[in-house]
Amino acid sequence: MSGAPVVIGSTDPWSGGWVGELSQCVLAPNPSPMTLDGTNTWLLGAPGSQELVLVDPGPDDPAHLESVQSALAERGAVVSVILLTHGHVDHSAGARLFSDALHAPVRALDPDHRYGGEGLAAGDVVAGGELAIEIVGTPGHSSDSLSFSIEDAGVMLTGDTVLGRGTTVVAHPDGSLAEYLASLHRLKSLARASEAHLMLPGHGPTVTEPEQLLDTYLAHRAERLEQVRLAIAAGATSPMDVVQQVYQPIPDAVIPAALASVRAQWDYLTRGG
């Protein structure tokens, strides 16, 4: 039973920068096996706009804040609102620091991650940077995961729901595989309806064929589920047994992530998925 790593998304190095006319990534200096090249902090705004939307401030790191402030100074712009895709620390730990320094409220689904701003919910539309940003509920990676759609521009921001390289972890028990699969289908439908041509993920490089990548994600999840079913049928009695049969070889640093994903799959299968 093969659990060899699957190459999904671009394998090119990613260092951030401008992507099209609306989006600029300031890459946080927190690379790791789990965060890839680092957390993508996105600055969004129409060309020439002096008020921008910031998505995911990333870690609590003054040096990263200085990099964002330098990008703003070069554009002669300020941040009007900070949005969080979800509350995991590599995306949200810097929220208070950024909010205080940039004088901008932080909006999030989880009330614990809001600072001076309203909540966010699926179907909301946030105006900023002369853009209309629709909030899309995409739970699964975490219970509070959101994605954002700039439909007029064909742009989607997916946080950790879809990455630019590799696949994401369903962080059981907060994350749910059933919800995650539903979110992938929701994003695929949105990508098709909006004719999205650009996906801006929370980690890794940008994606120029969002619908195709979402198909790949769904196929990979189906393959993994079948591998887990076979491992259980072959006598696996714990998630660690499954990791050892299905996910090897993998680096020790990502075994906890593999275990979380297997627990989510185990739970999904035992519930009749």
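Biologist: Let's start with β2 and β3: in which sense do they pair, and over how many bridges?
Modeller: β2 and β3 pair in the antiparallel sense, over 5 bridges. For one example from that pairing, Val 26 has Thr 41 in β3 as its bridge partner. One thing to keep in mind throughout: this is a predicted model.

Biologist: Noted. How is β1 joined to β2?
Modeller: By 3 bridges, and β1 and β2 run antiparallel. Trp 18 stands opposite Gln 24 in β2. The two strands form a hairpin with 3 residues between them, and Gly 20 in the turn has a positive phi of about 70°.

Biologist: How many residues of β2 are buried?
Modeller: 4 of its 5 residues, so β2 is mostly covered.

Biologist: What about Thr 39, where does that lie?
Modeller: Thr 39 is in the loop between β2 (23–27) and β3.

Biologist: Buried or exposed?
Modeller: Thr 39 is buried, with a relative accessible area of 0%.

Biologist: And what does the side chain of Thr 39 reach?
Modeller: The backbone oxygen of Asp 90, at 2.8 Å. Setting aside neighbours within four places in sequence, Thr 39 is also in contact with several other residues, including Val 26, Asn 30, Gly 58 and His 203.

Biologist: OK, new topic. How many aromatic pairs does the structure hold?
Modeller: It holds 1 aromatic pair. Trp 14 and Trp 42 form it, with 6.4 Å centre to centre and 40° between the planes.

Biologist: Why is that pair called tilted?
Modeller: Planes under 30 degrees apart count as stacked and those over 60 as edge-to-face, so whatever falls in between is tilted. The Trp 14 and Trp 42 planes are 40° apart.

Biologist: Which parts of the chain does the pair link?
Modeller: Distant ones: Trp 14 is in the segment before β1 (17–19), while Trp 42 is in strand β3 (residues 40–44), 28 residues apart.

Biologist: Why do those two tryptophans count as buried?
Modeller: Buried means under 20% relative accessible area. Trp 14 is at 13%, so it counts as buried, and Trp 42 is buried as well, at 2%.

Biologist: Where does the charged end of Arg 224 sit?
Modeller: Over the ring of Tyr 247, 4.4 Å from its centre.

Biologist: Back to strands. What order does the open sheet of 5 strands have?
Modeller: The order is β7-β8-β9-β10-β11, with mixed pairing. β7 (125–128) and β11 each have a single partner strand, so they stand at the edges, with one side of each left without a neighbour in the sheet. From one strand to the next, the twist averages 25°.

Biologist: How do β8 and β9 run?
Modeller: They run antiparallel and are joined by 4 bridges. Val 136 stands opposite Ser 147 in β9.

Biologist: What's in the loop between β8 and β9?
Modeller: Ser 142 is one of the residues there, with β8 covering 131–137 and β9 covering 146–150. Ser 142 is buried, at 0% relative accessible area. Its side chain makes a polar contact with the side chain of Asp 144, at 2.7 Å. Leaving out neighbours within four places in sequence, Ser 142 is in contact with His 86, His 88, Asp 174 and Gly 175.

Biologist: And Gly 154, which loop is that in?
Modeller: The one between β9 and β10. Gly 154 is buried, with a relative accessible area of 4%. Gly 154 and Ala 191 are 37 residues apart in sequence, yet 7.9 Å apart in space, C-alpha to C-alpha. Not counting residues up to four places away in sequence, Gly 154 touches Ser 194, Glu 195, Ala 196, His 197 and Leu 198.

Biologist: What's the phi of Glu 195?
Modeller: Near 55°, a positive value in a residue other than glycine. Glu 195 lies in the loop between α4 and β11 (198–201), and at 65% relative accessibility it counts as exposed.

Biologist: What about the phi of Asp 56?
Modeller: Asp 56 has a positive phi of about 65°, although it is not a glycine. Asp 56 sits in the loop between β4 (51–55) and α1 (62–75) and is buried, with a relative accessible area of 1%.

Biologist: Last one: is the peptide bond from His 172 to Pro 173 cis or trans?
Modeller: Cis, with omega near 5°. Pro 173 is found in the loop between β10 (155–159) and α4 (177–194).

Terms used
Residues are numbered from 1 along each chain as its sequence is written. This is a predicted model: local features need pLDDT of at least 70, side-chain atom pairs count only at pLDDT 80 or more; totals for chains, interfaces and linings use all residues. Side-chain values use heavy atoms; hydrogens and water are left out. Buried means under 20% relative accessible area, exposed over 50%, partly exposed in between (1.4 Å probe, protein chains only). A polar contact is a pair of N or O atoms within 3.5 Å; within protein, one must be able to donate a hydrogen and the other to accept it, and residues adjacent in sequence count only if both atoms are side-chain atoms. Contact means heavy atoms within 4.5 Å. Rings of Phe, Tyr and Trp (its six-membered ring) pair if their centres lie within 6.5 Å; planes under 30 degrees apart count as stacked, over 60 as edge-to-face and the rest as tilted. A charge sits over a ring if NZ of Lys or CZ of Arg is within 6 Å of the ring centre and within 35 degrees of the ring normal. Two strands pair if DSSP finds at least two bridges between them. Axes are lines fitted to C-alpha atoms, for helices over the stretch in contact, and angles run from 0 to 180 degrees between N-to-C directions.
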